[in-house]
Amino acid sequence: MPHPLGTRPGKVIAVHLNYRSRAAERGRIPDQPSYFLKPATSLAGTGDPLVRPRGCELMAFEGEIALVIGERAYRVPPQRAWQHVAWVTAANDAGVYDLRYADRGSNLRSKGSDGFTPVGPRLLDARAVEPGALRLRTWVNGTVVQDDTSDTLLFDFARLVADLSRTITLEPGDVILTGTPAGAGVVEPGDLVEVEVSSGTHTTGKLANRVVEAEAALAEYGAMPRVLAEDKAAAFGDAAAVVATLTAARRAALAVISAATLASQLRKRGFNGFFVDGVRPTRPDLKMVGTARTLRYLPLREDLFARYGGGMNAQKRAIESLLPGEVLVMDARREADAGTLGDILALRALQRGAAGIVTDGGLRDSAAVSGFDLPVYSSSVHVAVLGRKHVPWDTDVPIACGNTLIQPGDVLVGDADGVLVLPSHLLDDLITDAREQELQEAFITEQVAAGASIAGLYPLGPDWQQAYQAWLAGRTDSSTDNRMESPA
C-alpha cells in the first residue's frame, strides 16, 4: 500500500551507527554521526513486499525510528532543531549485503532498491511525543528481535537534524532514518518483518512487510551478487562471530572442565585478571557456559531515576533481549546492599533460554531463585529493591563485574568455585590443555588414594610418565580422553 508521507520526499538520509547496543555489536563507537542517502523510490508502505534480488542470500532488516521534516532547516542549532521535525514513524532500513561491495560504501544498490525503505503505517505528531522516550521494537515472524529506546542513542534526534543542516538544507517531507539497535539480522523469503514505534499511548502501529524472492534474475550487465566472509560478518554482526566462537562442541567441552583447571591454564599463559571476584552461586551443582550480554548500573540520582529506572528500563530490556545460551552479566559497582535481580526477572531469563546470570550486586528472593534450573551468581543476598543505590543505565557495553572487564560476547564459565572469563582466541588451546591437566590430575588422585607420595607425582614428573601412559592406554571412557574430536 502507499507509504503515509503523501508526497515523495527530496531526500532519504540514513545514519550508519547510532545506538549503543549496535555499536557494541560492531565493536566501535563513532565520534560523530555519519550518513548515506537512499533514493526516494526506495520508499514503501506496510504490506508491500521486501523483494530479495535473485542470487542474493543476505537480505537484512533494520528496524528504525524515522523523522519527517516539517519546516525547512538550514544551519539550525541543536536547541531549536526538534522544532523542524513534524512527524515520527517506523521504518525498516532494508538491504542486501551481497551488493554492498558494488558501490564502494555508498550503499546505493545494496540499500537503495525499490521498496527497501518501508515506513509507517501511521505518523506520530512530533509535538505529542517526547523525543528521548520513544520505544522501537522489531519482530521477525512474531518474535521480538529488537527492543530499544531513543534514550540510548549516541546522537539524539536534535543533534542529527542540526548536524545535517550545517551544510545541507533539509526540506519539508525529507526523511531521516536515525539508526538501528542491536538485533538486526538476515531474513529469508517467507519471513515477516514488523516494526513499531511507540510513546506511551501513541503508536505508529506495526509496519509489516514480508520477504519474497524476485521473480526474475538480475541482468548480467552490472555488478552481480557475491558473498564473502566479510559480507557475512557484516550482515550478522557479532552474533555470528559469537556463534562461531562458542560452537556446540566447545560448549560441551567446557561444560565438563572445572573453572579451577581453566584458571590454572590462564595463569600459565600469564593471564590473572579473568576471575570475577566476590560472586557465589545459588546452585553450586549447576555448570554455566555461555556468552556475555552486559548490563551496567550507575550511581543513583533521584532526578534521573524516573526517566531511566521506570518502565521498560535497561534492566528489563536486557532480560527481554537475552538469546538462548547467553549469560546476563551485571555491573552493579559491587554494591552488595543494592538490588539487581529477583525471582520474576530470573524466571523470565530462564524462559528466554539464558545460560546464567552474574551480578556483583545483591540478589532478592534467593530461595525462589535457588529453585530454578538456572546458574545465578551474586555478591550477596539482600532484600533491597531497585533504586536504593543505583539506576539501570545501559546495555551491551563493556562493563566491570567483580573487578573484571567483560565485553559483550565474551565466553564465561562458572561452577561452584565461581565465574571465569575466557579469551575467545585461546579457547581451543585452553580446552586441549585443560583436558590433559584433568586427565593427569585424575591419574595422580588415584595414585595418592592408593598411598603414593606426592613427591615427583604432583605435578606429574618424569618418573611417573611411563605409568601415566599405561594408565591412559587402559582407559575405556574415551569421552575424557584429550585426544577426542577437536572442539572447533
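Let's start with two helices, α13 and α14. In this predicted model, α13 covers residues 427–449 and α14 covers residues 465–473. Their axes come within 11 Å and cross at roughly 105°. An angle of 65 to 115 degrees counts as roughly perpendicular, so that is how α13 and α14 stand to each other.

Who meets whom? From α13 we have Glu436, Leu439, Gln440, Ala442, Phe443 and Glu446. From α14 we have Ala467, Tyr468, Trp471 and Leu472. Sort the residues of this contact and you get seven nonpolar, one polar and two charged.

Next, strand β29, residues 411–415. Is β29 mostly covered or uncovered? Covered: five of its five residues are buried. Val411, Val413 and Asp415 point one way, while Leu412 and Gly414 point the other way.

β29 has strand partners. Strand β19, residues 288–299, runs antiparallel to β29, with four bridges joining them. There, Met288 pairs with Gly414. Strand β30, residues 418–422, is also antiparallel to β29, over five bridges. The hairpin from β29 to β30 passes through two residues.

Now the largest nonpolar core. It holds 40 residues. Met59, Ile65, Leu67, Trp82, Val88, Val161 and Leu170 touch the most other members. Several elements give two or more residues, including β6, β7 and β14. Which one gives the largest share? That is α4, with five residues.

Take a look at Leu67.

Notes. Residues are numbered from 1 along each chain as its sequence is written. This is a predicted model: local features need pLDDT of at least 70, side-chain atom pairs count only at pLDDT 80 or more; totals for chains, interfaces and linings use all residues. Side-chain values use heavy atoms; hydrogens and water are left out. A nonpolar core is a set of buried Ala, Val, Leu, Ile, Met, Phe, Trp, Tyr and Cys residues joined through side-chain atoms within 4.5 Å. Buried means under 20% relative accessible area, exposed over 50%, partly exposed in between (1.4 Å probe, protein chains only). Axes are lines fitted to C-alpha atoms, for helices over the stretch in contact, and angles run from 0 to 180 degrees between N-to-C directions. Angles under 35 degrees count as roughly parallel, over 145 as roughly antiparallel, 65 to 115 as roughly perpendicular and the rest as oblique. Contact means heavy atoms within 4.5 Å. Ala, Val, Leu, Ile, Met, Phe, Trp, Tyr, Cys and Pro count as nonpolar, Asp, Glu, Lys and Arg as charged, and the others, Gly among them, as polar. Two strands pair if DSSP finds at least two bridges between them.
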